[in-house]
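Student: I have a structure open and would like to learn how to read its features. Where do we begin?

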Amino acid sequence: MDARDVQSIPLFAGLSKDDQKVVAQYADEVDVPAGAKLAQEGRLAYEFFAIQDGTAQVTREGAPIAELGPGDFFGEIGLLGGERRVATVTATSPMRLVVLTGAQLRAIESRMAPLGERIRAAMAERLDADRSRH
């Protein structure tokens with residue numbers, strides 16, 4: 001993956017050039033078609049995704065709870081907060097994604113504390129919002 005592509009994703013935009021290069025070395029770019037299930041509720045979590053292009057719908061127990069688009073990310077709750085996916089994410093258009101494995105995400109988190117803090121803050125917000133819905 002090219003470091004310029006990393007910079008285009010808001011989550012990674014504030015990183016130093018060196019840190020962006022590290023993320024680029026770890027990350028893979030993946031294209032998926034509309035309809036692809038990217039994460040499935042209840043399944044084991046293996047990857048973290050950041051959206052470069054395209055849209056996705058997040059559902060829990062079949063009910064829509066969020067729409068995602070370029071710049072959004074998902075998968076951190078299953079990787080950092082537990083082992084299982086807490087929602088299903090389905091591509092609603094063709095998508096280009098930046099994908100990190102759990103081990104890669106944890107390595108980046110330990111090396112780049114501010115990035116890890118942003119990811120964990122987003123995770124906490126999502127979990128709090130989920131608790132308030134129930």
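Student: How many aromatic pairs does the count come to?

Tutor: Keep in mind that this is a predicted model. The count comes to two aromatic pairs.

Student: How is such a pair described?

Tutor: A pair of aromatic rings is described by the distance of the centres and the angle of the planes. Here, the ring centres of phenylalanine 48 and phenylalanine 73 are 5.6 Å apart and the planes meet at 40°, so this pair is tilted. Planes under 30 degrees apart would count as stacked and over 60 as edge-to-face.

Student: Which strands hold phenylalanine 48 and phenylalanine 73?

Tutor: Phenylalanine 48 is in strand β3 (residues 47-53) and phenylalanine 73 in strand β6 (residues 73-74), so the pair ties together parts 25 residues apart in sequence.

Student: Is phenylalanine 48 buried or exposed?

Tutor: Buried means under 20% relative accessible area. Phenylalanine 48 has 0%, so it is buried. Phenylalanine 73, at 10%, also counts as buried.

Student: What about the pair of phenylalanine 49 and phenylalanine 74?

Tutor: Phenylalanine 49 and phenylalanine 74 are stacked, with 4.8 Å from centre to centre and 15° between the planes. Phenylalanine 49 belongs to strand β3 and phenylalanine 74 to strand β6, so here too parts 25 residues apart in sequence are tied together. Both phenylalanine 49 and phenylalanine 74 are buried.

Student: How many salt bridges are found in the whole structure?

Tutor: For a salt bridge, look for a side-chain nitrogen of Lys or Arg within 4 Å of a carboxyl oxygen of Asp or Glu. The search finds two. In one of them, arginine 96 pairs with aspartate 31, and the closest N and O atoms are 2.9 Å apart. This pair links strand β8 (residues 95-101), which holds arginine 96, with strand β1 (residues 28-32), which holds aspartate 31. Glutamate 109 also forms a salt bridge, with arginine 120, at 2.4 Å between the closest N and O atoms. Glutamate 109 lies in helix α5 (residues 102-111) and arginine 120 in helix α6, eleven residues apart.

Student: How does one look for empty space?

Tutor: Rolling a probe the size of a water molecule over the atoms shows where empty space is left. In this model the largest pocket has a volume of about 370 Å³. It is lined by 21 residues, and those closest to its centre are Val58, Ile65, Ile77, Ala87 and Arg126.

Student: Which element gives the most to the lining of the largest pocket?

Tutor: That is α6, with five residues. By residue type, the lining divides into twelve nonpolar, two polar and seven charged.

Key:
Residues are numbered from 1 along each chain as its sequence is written. This is a predicted model: local features need pLDDT of at least 70, side-chain atom pairs count only at pLDDT 80 or more; totals for chains, interfaces and linings use all residues. Side-chain values use heavy atoms; hydrogens and water are left out. On a 1 Å grid over the protein atoms alone, a cavity is a set of points where a 1.4 Å probe fits but cannot get out, and a pocket is an open set with protein on both sides within 12 Å along at least five of seven lines; lining residues have an atom within 4 Å of a point. Grid points are joined across faces, edges and corners, and a volume is the space filled by probe spheres set on the points. Helices (H or I, at least four residues) and strands (E, at least two) are DSSP runs, numbered from the N terminus. Ala, Val, Leu, Ile, Met, Phe, Trp, Tyr, Cys and Pro count as nonpolar, Asp, Glu, Lys and Arg as charged, and the others, Gly among them, as polar. Rings of Phe, Tyr and Trp (its six-membered ring) pair if their centres lie within 6.5 Å; planes under 30 degrees apart count as stacked, over 60 as edge-to-face and the rest as tilted. Buried means under 20% relative accessible area, exposed over 50%, partly exposed in between (1.4 Å probe, protein chains only).
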